[in-house]
Amino acid sequence: MKIEFIDLKKQYQSLKNELDGAIARVLDKGIFVLGEEVENFSREFARFCGAKHCIAVASGTDALYLSLKALGVGKGDEVITAPNSFVATAMAISLTEAKPVFIDINPLTYNIDAAKIEEKITPKTKAIIPVHLYGQPADMDEVFEIASKYNLKILEDACQAHGAEYKNKKTGTLGDIAAFSFGPPKPLGAYGDGGAVVTNDDALAEKVSIYKNYGAPKRDNYLLVGINSRLDALQAAILKVKLKYLDKWNEMRRNNAKLYDRYLEGVAEITRPMILSHNRSAFHLYVVRARNRDSLAEYLKTKQIPALIHYPRPIHLQSGYAALGYKKSDFPVTERAAEEILSLPIFPELLENEIGYIAENIKRFYGL
Ligand SMILES: Cc1ncc(COP(=O)(O)O)c(C=O)c1O
């Protein structure tokens with residue numbers, strides 16, 4: 001049996017007629033940037049999140065960057081986030097010329113350890129970026145409490161958590177502003193790059209809209225030096241089709257997580273993901289801790305089972321971020337996780353017998 005880490009072809013095949021129709025419609029209309037397709041998708045994604053505004057942009061990285069710019073973050077400011085994330089979280093902060101300030105993670109959920117935030121707040125702190133890592137919402141009540149106390153803004157990095165819920169509220173509505181990525185493997189993925197900023201705040205939405213459009217609220221009127229960041233019409237049309245299935249796909253992902261949990265129960269060498277009872281994870285990734293992680297991953301590879309590491313080297317130990325002055329042992333929980341975590345395939349179309357095969361090979365590796 002050969003397993004894919006994610007099989008996007010299967011998803012396309014299951015929606016081929018609808019997707020081909022949407023793509024043909026865009027080509028027939030001949031409007032490829034901005035326009036009705038992007039407006040329609042943006043409206044529907046805002047509605048899906050339960051938010052007032054969605055501004056479609058070119059990537060999740062842009063969504064983070066534009067959100068920070070709208071919040072007024074810039075040179076001399078500090079923004080708090082976790083070092084166990086995709087590098088784009090910290091990169092977006094650095095692009096604004098503010099400084100990323102890292103906080104270690106909770107060893108059970110891998111999300112930012114909210115209890116450690118307060119001690120890192122300085123007069124320069126402007127915002128907190130909780131990352132809903134692997135699809136599980138961060139501890140938003142605790143983050144909110146600290147943000148209120150110190151008058152900080154909250155930018156959700158929801159790039160891996162479309163449709164996930166925290167206390168029955170969808171991601172995108174849990175802070176002041178939120179960033180989503182529509183990169184192909186994401187729970188809601190385009191056929192290329194894409195992203196969105198979601199917010200209930202009219203003023204922030206307007207700032208993002210202007211900033212992402214060359215700094216222009218309308219044609220030939222450049223209020224400020226902005227950037228060009230657009231979701232194109234083809235991607236918007238594709239995403240609008242796929243959005244209808246997102247809840248169903250997330251349910252399939254959660255179901256696959258349950259299957260893994262069942263098949264891996266009693267394997268002491270594996271620590272399964274812990275989803276807090278008030279959370280519904282989008283299960284972008286199913287991340288376990290594994291004894292002899294690297295040897296297990298090698299063994300699985302020989303059985304045609306791809307397993308990846310998200311992320312093998314934390315951001316504070318990346319050479320591009322050396323100027324921040326962090327060193328090994330600064331974030332022991334993150335660093336230990338980086339040595340032990342392993343992401344097993346969990347896309348919606350993954351079959352039960354494939355999960356059984358993966359679990360069986362994990363057990364065989366440990367001699368069970
Ligand atoms: C947590 C997180 N933040 C930000 C991003 C950046 O999104 P994009 O790749 O669309 O720029 C990603 C994408 O992988 C991500 O996983």
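This is a predicted model: local features need pLDDT of at least 70, side-chain atom pairs count only at pLDDT 80 or more; totals for chains, interfaces and linings use all residues.
Biologist: Why is Lys 186 called buried?

Modeller: The cut-off for that word is 20 or more other C-beta atoms within 10 Å. Lys 186 has 21 C-beta neighbours inside 10 Å, so Lys 186 counts as buried.

Biologist: Where does Lys 186 lie, and what does Lys 186 touch?

Modeller: Lys 186 sits in the loop between β8 and β9. Leaving out residues up to four places away in sequence, Lys 186 touches Cys 159, Gln 160, His 162, Ser 181 and His 284. A touch here requires C-beta atoms within 7 Å.

Biologist: What does UniProt say about Lys 186?

Modeller: An unreviewed UniProt entry places the feature "active site" at Lys 186. The annotation "modified residue: N6-(pyridoxal phosphate)lysine", also from an unreviewed UniProt entry, covers Lys 186. Such annotations may be inferred rather than shown by experiment.

Biologist: What makes strand β8 mostly covered?

Modeller: Strand β8 consists of residues 177-181, and five of its five residues are buried. Ile 177, Ala 179 and Ser 181 point one way, while Ala 178 and Phe 180 point the other way, and all are buried.

Biologist: Why are β10 and β13 said to stand at the edges?

Modeller: The order β10-β12-β13 describes an open sheet of three strands with antiparallel pairing. β10 (270-271) and β13 (341-344) each have a single partner strand, so one side of each is left without a neighbour in the sheet.

Biologist: How do you know that β10 pairs with strand β12?

Modeller: The cut-off is again at least two bridges. β10 and strand β12 (residues 286-290) have two bridges, so they count as paired, in the antiparallel sense. Ile 270 has Ala 290 in β12 as its bridge partner.

Biologist: Which residues come nearest to the ligand, and how does the shell around the ligand divide?

Modeller: There are 15 residues around the ligand, and Ser 59, Gly 60, Thr 61, Cys 159 and Ser 181 come nearest. The shell divides into four nonpolar, nine polar and two charged residues. Helices α4 (60-70) and α5 (88-95) each supply at least two residues of this shell.

Biologist: What makes the protein as compact as a globular protein of its length?

Modeller: The protein has 12 helices and 13 strands. Its radius of gyration is 21 Å, close to the 21 Å that the globule rule gives for 368 residues, so the protein is as compact as a globular protein of that length. The C-alpha trace spans about 70 × 55 × 35 Å along its principal axes. Of the 368 residues, 49% count as buried. Among contacts with a separation of 6 or more, 70% come from residues 24 or more positions apart.

Definitions and conventions: Residues are numbered from 1 along each chain as its sequence is written. A residue is buried if 20 or more other C-beta atoms lie within 10 Å of its own, exposed if 12 or fewer, and partly exposed in between; C-beta atoms are placed from the backbone. Helices (H or I, at least four residues) and strands (E, at least two) are DSSP runs, numbered from the N terminus. A residue is near a molecule or strand if its C-beta atom, placed from the backbone, lies within 6 Å of it. Ala, Val, Leu, Ile, Met, Phe, Trp, Tyr, Cys and Pro count as nonpolar, Asp, Glu, Lys and Arg as charged, and the others, Gly among them, as polar. Two residues are in contact if their C-beta atoms, placed from the backbone, lie within 7 Å. The radius of gyration is taken over C-alpha atoms; the globule rule is 2.2 Å times the number of residues to the power 0.38.
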